[in-house]
Amino acid sequence: MSEFWLISAPGDKENVQALERMNTVTSKSNLSYNTKFAIPDFKVGTLDSLVGLSDELGKLDTFAESLIRRMAQSVVEVMEDSKGKAQEHLLANGVDLTSFVTHFEWDMAKYPAKQPLVSVVDTIAKQLAQIEMDLKSRTAAYNTLKTNLENLEKKSMGNLFTRTLSDIVSKEDFVLDSEYLITLLVIVPKPNYSQWQKTYESLSDMVVPRSTKLITEDKEGGLFTVTLFRKVIEDFKTKAKENKFTVREFYYDEKEIKREREEMARLLSDKKQQYQTSCVALKKGSSTFPDHKVKVTPLGNPDRPAAGQTDRERESEGEGEGPLLRWLKVNFSEAFIAWIHVKALRVFVESVLRYGLPVNFQAVLLQPLKKSSTKRLREVLNSVFRHLDEVAATSILDASVEIPGLQLNNQDYFPYVYFHIDLSLLD
């Protein structure tokens with residue numbers, strides 16, 4: 001499953017034992033895979049500032065999740081015929097999203113934990129806002145390109161009455177640079193081919209004998225040429241219409257036709273280059289993790305090591321990718337990483353607000369193994385941590401302050417700090 005429950009409980013002896021009991025029960029019952037979720041020791045500041053941050057982080061959480069879903073959808077849209085491979089590009093720090101979440105470690109270089117919490121949150125908010133701004137700009141440019149191309153493609157896919165003719169006709173089909181003669185294009189219904197051949201020379205004076213030629217046809221009719229004197233164009237058009245022949249308004253302009261063909265080729269090339277990859281393809285979800293970012297600490301097996309992947313290796317995987325796909329890939333990773341850091345910040349802030357000072361809590365990430373077992377998993381957690389009711393009810397905060405997650409008369413009430421991470425919509 002691509003669903004995670006991020007919870008925390010006080011770090012005293014009683015609750016550490018409760019966490020161990022939870023891990024034992026969920027493992028034996030095959031309910032979830034559990035790992036410790038490491039959160040650094042932040043500067044707490046005042047409780048009033050934490051209450052303000054609680055609201056701000058909630059909004060930032062929603063914004064970040066919306067942003068990464070939009071970016072994931074953009075990857076799918078850009079790849080078009082290769083949509084089945086889109087998931088290969090939705091990575092975080094070079095690994096699949098599930099691996100990143102389950103092996104999360106706070107990025108001290110990007111978000112220094114020694115800074116005030118307000119500064120850390122502001123850094124993440126500005127980063128996500130910039131990514132969204134760039135996303136809007138780049139997708140708008142791509143959509144304009146796509147629309148222009150679709151409009152040109154529609155012109156080449158219609159019937160003979162509406163489609164462009166620049167990709168059908170050639171210079172040899174026309175009498176050009178003549179002061180007196182001109183070649184017209186006439187659409188003739190299929191049932192009337194014989195009538196056209198018999199009558200076109202007599203539809204008007206000054207029609208060149210044996211000057212007609214079938215260039216192309218569709219289901220309804222054919223496109224014929226006919227050469228005549230310029231002075232009788234209007235008379236010929238009138239007579240042709242009376243006989244259910246339609247003169248298509250088209251005059252051969254070699255420069256204009258060349259321009260239109262080049263524009264089509266350019267748009268096709270530009271669109272393809274937005275996501276085209278070379279023979280150096282992105283490898284499918286790697287199971288390796290960069291040493292300076294990802295560290296696994298599973299409950300019950302804290303010493304399991306993690307392999308490493310260098311930045312150079314990750315960069316080489318992206319060689320040959322189109323600029324839009326490459327940008328989406330890189331910035332999706334940045335946005336996703338920022339989102340999980342927001343989750344970590346929310347756990348810290350809500351745990352301090354819920355459990356009080358000094359800061360002492362343990363965060364755990366649970367990955368439900370089956371959709372059908374989530375109800376049972378919830379029951380186990382509520383049973384194991386039922387004793388936290390009293391802790392929450394006697395919080396050091398003023399009773400008028402709303403405590404997130406504390407809804408005593410609501411079925412969504414959790415006696416512990418709880419947050420949900422759902423990656424299913426990115427699949």
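**Close-up views of the predicted model**

**View A. Strand 5 and strand 7 (residues 221-229) pair in the antiparallel sense through nine bridges.** Pairing of two strands requires that DSSP find at least two bridges between them. Helices (H or I, at least four residues) and strands (E, at least two) are DSSP runs numbered from the N terminus. The structure is a predicted model, in which local features need pLDDT of at least 70, side-chain atom pairs count only at pLDDT 80 or more, and totals for chains, interfaces and linings use all residues. Residues are numbered from 1 along each chain as its sequence is written, and side-chain values use heavy atoms, with hydrogens and water left out. Phenylalanine 229 in strand 7 is the bridge partner of leucine 181. Strand 5 (residues 181-189) also runs antiparallel to strand 8 (residues 246-248), to which three bridges join it. In strand 8, threonine 246 is the bridge partner of isoleucine 187. Seven of the nine residues of strand 5 are buried, that is, under 20% relative accessible area, against over 50% for exposed and in between for partly exposed (1.4 Å probe, protein chains only).

**View B. Valine 208 lies in the loop between helix 5 (193-199) and strand 6 (213-217).** Valine 208 counts as partly exposed because its relative accessibility is 26%. Leaving aside residues up to four places away in sequence, valine 208 touches Leu181, Tyr200, Thr227 and Leu228; contact means heavy atoms within 4.5 Å.

**View C. Phe336 and Phe385 touch the most other members of the largest nonpolar core, which has 82 residues.** Such a core is a set of buried Ala, Val, Leu, Ile, Met, Phe, Trp, Tyr and Cys residues joined through side-chain atoms within 4.5 Å. Helix 9 (residues 323-355) gives the most to this core, with 20 residues. Apart from this core lies another, of 18 residues, including Leu184, Trp196, Leu228 and Ile233. Beyond residues up to four places away in sequence, the contacts of phenylalanine 385 are Ile7, Ala9, Asn15, Ala18, Leu19, Met22, Pro415 and Tyr416.

**View D. Helix 2 (residues 47-79) packs with helix 9 at an angle of about 155 degrees, their axes 8 Å apart.** Axes are lines fitted to C-alpha atoms, for helices over the stretch in contact, and angles run from 0 to 180 degrees between N-to-C directions. Helix 2 and helix 9 are therefore roughly antiparallel, the class for angles over 145 degrees.

How values were computed:
Parallel < 35°, antiparallel > 145°, perpendicular 65-115°, else oblique.
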